[in-house]
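Here are a few notes to read alongside the model. Keep the structure open and find each residue as it comes up.

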Amino acid sequence: MSEEITYWALDLSIDLLDCNLDKFNINDIKSFGQEMGEFLDQGKWLSTEVAKFGEGEELMEGFRLVSYTHACLITGHFVTFSKKAYINIFSCQPYKPSEAIELCGDSFDTITYECKKNMRS
């Protein structure tokens, strides 16, 4: 018997640690946003934008991601100096957080992360 969902949306915050810096580029981050959108909303991905931020400020440099589908919003900040990625996934489509975390880790070559779940009612 499957567990009944008792929330309207799941908001997942994932901090990826010790990422592969070779993956911190516009093409790989955009591909990740699209792949996560397709995973979360069964192929109904709509848009992904990636841009640089903090250029010229070593501690702040990196990339930001905004990707959305009909039912999900994925945002991310990828900080070059610290080799960390801060990813937020908000979805009113049910999904397994463990699978989303695995996709994040695989995309940026890390198995080290911290995660927080917030069930929105």
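1. Start with one side chain. This is a predicted model, and in it the side chain of Thr110 reaches the backbone oxygen of Leu17 at 2.5 Å. Find both residues before reading on.

2. Where does Thr110 sit? Look in the loop between helix 2 (97-107) and strand 6 (112-120). Is Thr110 buried or exposed? Its relative accessible area is 10%, so Thr110 counts as buried, the cut-off being under 20%.

3. Now list the neighbours of Thr110. Leaving aside residues up to four places away in sequence, Thr110 touches Leu16, Leu17, Asp18, Cys19 and Gly105.

4. Turn to the rings. How many aromatic pairs does the structure hold? There are five. One of them joins Trp8 and Phe90: the ring centres are 6.2 Å apart and the planes meet at 50 degrees, so this pair is tilted.

5. Trp8 is exposed, at 54% relative accessibility. Phe90 is partly exposed, at 25%.

6. Next, take Phe24 and Phe108. Their ring centres are 6.0 Å apart and their planes stand at 75 degrees, so the pair is edge-to-face. Phe24 belongs to the loop between strand 1 and helix 1 (26-40), while Phe108 belongs to the loop between helix 2 and strand 6. Because of this, the pair ties together parts 84 residues apart in sequence.

7. Are Phe24 and Phe108 buried or exposed? Phe24 is buried, at 6% relative accessibility. Phe108 is buried too, with a relative accessible area of 0%.

8. Phe24 and Phe108 also belong to a cluster. Ring pairs link Phe24, Phe32, Phe78 and Phe108. Pick out Phe78 here, as it returns in the next point.

9. Finish with the strands. Phe78 is in strand 4, where it is the bridge partner of Phe63. Strand 3 (residues 62-69) and strand 4 (residues 72-79) run antiparallel and are joined by seven bridges. Together they form a hairpin, with two residues between the strands.

Methods:
Residues are numbered from 1 along each chain as its sequence is written. This is a predicted model: local features need pLDDT of at least 70, side-chain atom pairs count only at pLDDT 80 or more; totals for chains, interfaces and linings use all residues. Side-chain values use heavy atoms; hydrogens and water are left out. Helices (H or I, at least four residues) and strands (E, at least two) are DSSP runs, numbered from the N terminus. Buried means under 20% relative accessible area, exposed over 50%, partly exposed in between (1.4 Å probe, protein chains only). A polar contact is a pair of N or O atoms within 3.5 Å; within protein, one must be able to donate a hydrogen and the other to accept it, and residues adjacent in sequence count only if both atoms are side-chain atoms. Contact means heavy atoms within 4.5 Å. Two strands pair if DSSP finds at least two bridges between them. Rings of Phe, Tyr and Trp (its six-membered ring) pair if their centres lie within 6.5 Å; planes under 30 degrees apart count as stacked, over 60 as edge-to-face and the rest as tilted.
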